[in-house]
Amino acid sequence: MRILLILLLFTVSLIACKSKSAKEPEKQENQGIVPDTAVVVDPKRDSILLQLTNEVLTAFKAKDYNTLAAIVHPEDGVRFSPYAYIDTTQDKVLSVAVIREQADSKKQPKILWGTSDPADEPINRTINNYVKDFVYDVDFLHPEKIKVNEFIGGGNTQNNLLMVYDGCDFTESHFSGFDKKFEGMDWRSLRLVFKLKDGKYFLVGVVHDSWST
């Protein structure tokens, strides 16, 4: 009787182990699944955005604000962010009308664009001087790399572009560095954000990024 009882317990244990083993692969299969975050490639869209990027950068380089105004979103205007973190409470938003007013360099007023990092001092400049320091500070028309909807540069500053500009597209023009002695800490990026309206893309964001402490 004792032998039969031992055999019965052994059989039950063996069945339970097999059942557990059969379920384990299914559990492992569901672990570590990473959502598909790959960038959606759209050649037509990308071509349009790269062409617009060229036009915007050409306008910035030439200080041609009439041409720039024609690309700026007619309702939202364009926000200028001196750093990767887009401060929606401080970063300056200029309307199309205000952009056009900047065409006369002799009448350009000083504008408060936000605060500098890390000194936290006011960035109070004419648009020409702001563009020189926080937009076209290097030759972004001929970048080392350029991507559509992909980030290239990145440092310690939080990058919240996707959250602020949800549903928009962007390009990033990037240089990995200029002087070997800085070991890449002098990299630069400029992100231009575009929003679709009535089948046409307009500029809504200009985000400058560089190495920061």
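Student: What makes E1 and E8 paired strands?

Tutor: In this predicted model, E1 and E8 are joined by 3 bridges in the parallel sense. Pairing requires at least two bridges, so these strands qualify. Within this part of the sheet, Arg79 stands opposite Gly205 in E8.

Student: How do you know that E7 and E8 pair, and in which sense do they run?

Tutor: Strand E7 (residues 188-197) and strand E8 (residues 200-210) share 10 bridges and run antiparallel. Leu192 has Val206 in E8 as its bridge partner, and Lys197 stands opposite Lys200 in E8. The hairpin of E7 and E8 has 2 residues between the strands, and Asp198 takes a positive phi near 50° there.

Student: Why are E2 and E5 described as standing at the edges of the sheet?

Tutor: The open sheet has 6 strands in the order E2-E1-E8-E7-E6-E5, with mixed pairing. Strand E2 (92-94) and strand E5 (145-148) each have a single partner strand, so one side of each lacks a neighbour in the sheet. From one strand to the next, the twist averages 20°. Helix H2 (residues 43-62) lies across E1, E5, E6, E7 and E8, at about 120° to E7.

Student: Why is E8 called largely enclosed?

Tutor: Of the 11 residues of E8, 10 are buried, so the rest of the structure largely encloses this strand. For the chain of 213 residues, buried residues make up 38%.

Student: Which residues touch the most other members of the largest nonpolar core?

Tutor: That core has 37 residues, and Leu68, Phe80, Ile99, Leu203 and Val206 touch the most other members. H2 gives the most to this core, with 6 residues. Leu68 touches Val56, Ala59, Phe60, Ile99 and Leu203, leaving aside residues up to four places away in sequence. A second, separate core of 8 residues includes Ile86, Leu161, Cys168 and Phe170.

Student: What makes the contact of Glu172 with Arg191 a salt bridge?

Tutor: The closest N and O atoms of Glu172 and Arg191 are 2.8 Å apart. The cut-off is 4 Å, so the pair counts as a salt bridge. Glu172 lies in strand E6 and Arg191 in strand E7, 19 residues apart.

Student: Why is Glu172 called buried?

Tutor: Its relative accessible area is 0%.

Student: What accessibility class does Lys197 have, and why?

Tutor: Lys197 has 21% relative accessibility. Buried means under 20% and exposed over 50%, so Lys197 is partly exposed. Its salt-bridge partner Asp198, with closest N and O atoms 3.5 Å apart, has 74% relative accessibility and therefore counts as exposed.

Student: How many salt bridges does the whole structure hold?

Tutor: A search finds 9 salt bridges.

Key: Residues are numbered from 1 along each chain as its sequence is written. This is a predicted model: local features need pLDDT of at least 70, side-chain atom pairs count only at pLDDT 80 or more; totals for chains, interfaces and linings use all residues. Side-chain values use heavy atoms; hydrogens and water are left out. Helices (H or I, at least four residues) and strands (E, at least two) are DSSP runs, numbered from the N terminus. Axes are lines fitted to C-alpha atoms, for helices over the stretch in contact, and angles run from 0 to 180 degrees between N-to-C directions. Contact means heavy atoms within 4.5 Å. A nonpolar core is a set of buried Ala, Val, Leu, Ile, Met, Phe, Trp, Tyr and Cys residues joined through side-chain atoms within 4.5 Å. Buried means under 20% relative accessible area, exposed over 50%, partly exposed in between (1.4 Å probe, protein chains only). A salt bridge is a side-chain nitrogen of Lys or Arg within 4 Å of a carboxyl oxygen of Asp or Glu.
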